[in-house]
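Here is a quick briefing on one protein structure. Keep the model open while you read.

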Amino acid sequence: MKKAIAQYDKLYAAKNILWNPTPGRMVVEALSHFKTPGLCLDMGCGDGKNMFFLEKRGWVVEGIDKSILAIEGAKRRFKENNLIPRGNLIVKDITDYEYPLDHFNLVVCYGLYHCLTKNEINHIHYKMIASLKSGGLIAFCMINNNLRMPANHGTTKTFLRSENYVIELVNEQLEILKVFTGEIEEEHLPVIGKHKHSITWCLFKKK
Ligand SMILES: C[S@@+](CC[C@H](N)C(=O)[O-])C[C@H]1O[C@@H](n2cnc3c(N)ncnc32)[C@H](O)[C@@H]1O
């Protein structure tokens, strides 16, 4: 049975727009590999910081998030910035999404995998790879277990894994172009003040 409430809903409910507009560093880096904009799947798009960045640069992005609050926030972000997205913003659990074959040039998977169980990742990971065109990229990050999730973080169940977990995500079709781990400091007021997460960032390429 699917969880009715997304892990970040308490944080989305507390803000008009939760995530600041700075796009993910792997998303920015991914774009330097493409001469022209293409099709992107943004898995767990949240309130659309990466989708907005890409759409503004001519990409057509399918943004999927199971949180209605996140998708409403993404729509607000586009509206407040006077941009009509060419792609779709869809409220859906990513495990129920029908991945088109050989379709996307880029997949953004930012902060999603630490929200998913092992079974959920197994269920979607290879479908997601199959939905990428050859030469396509995956801009990826997840919170790892080098630091604990603060008890008062406002999120429901998360699954923090080792910084080396990304190696398990590689198969014969994928190579890692870049991987590194570091810390970020965030605050999600009024729920939680300044705190740190340890993050693993990765840029994968489909051969
Ligand atoms: C850490 S936030 C990151 C949001 C966005 N990717 C960003 O970088 O700003 C994780 C997002 O994943 C979404 N999410 C978690 N589990 C999901 C699932 N099973 N299907 C779709 N979205 C999910 C949450 O609702 C949340 O918006």
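The model is predicted.

**Helix α4**
- Helix α4 runs over residues 68–80, so count 13 residues as you trace along α4.
- From first C-alpha to last, α4 reaches 18 Å, close to the 18 Å expected at 1.5 Å a residue.
- L69, A70, I71, G73, A74 and R77 are the buried residues of α4.
- Their cover includes α1 (9–13), α3 (49–56), β2 (60–65) and β3 (89–91).
- Just after α4 comes N82, with a positive phi of about 50°.

**Helix α3**
- Helix α3 is mostly covered, with 6 of its 8 residues buried.
- Those buried residues are K49, N50, M51, F52, L54 and E55.
- They pack against α2 (25–31), β1 (39–43), β2, α4 and β4 (104–110).
- G58 follows α3 and has a positive phi, near 95°.

**Strand β4 and its partners**
- In β4, 7 of the 7 residues are buried, so β4 is largely enclosed by the rest of the structure.
- β1 and β4 run parallel, joined by 3 bridges.
- Look for D42, which stands opposite V108 in β4.
- β4 also runs parallel to β5 (residues 132–143), and 6 bridges join these two strands.
- Y110 has C141 in β5 as its bridge partner.

Terms used
Residues are numbered from 1 along each chain as its sequence is written. This is a predicted model: local features need pLDDT of at least 70, side-chain atom pairs count only at pLDDT 80 or more; totals for chains, interfaces and linings use all residues. Helices (H or I, at least four residues) and strands (E, at least two) are DSSP runs, numbered from the N terminus. The expected span of a helix is 1.5 Å times one less than its number of residues. A residue is buried if 20 or more other C-beta atoms lie within 10 Å of its own, exposed if 12 or fewer, and partly exposed in between; C-beta atoms are placed from the backbone. Two residues are in contact if their C-beta atoms, placed from the backbone, lie within 7 Å. Two strands pair if DSSP finds at least two bridges between them.
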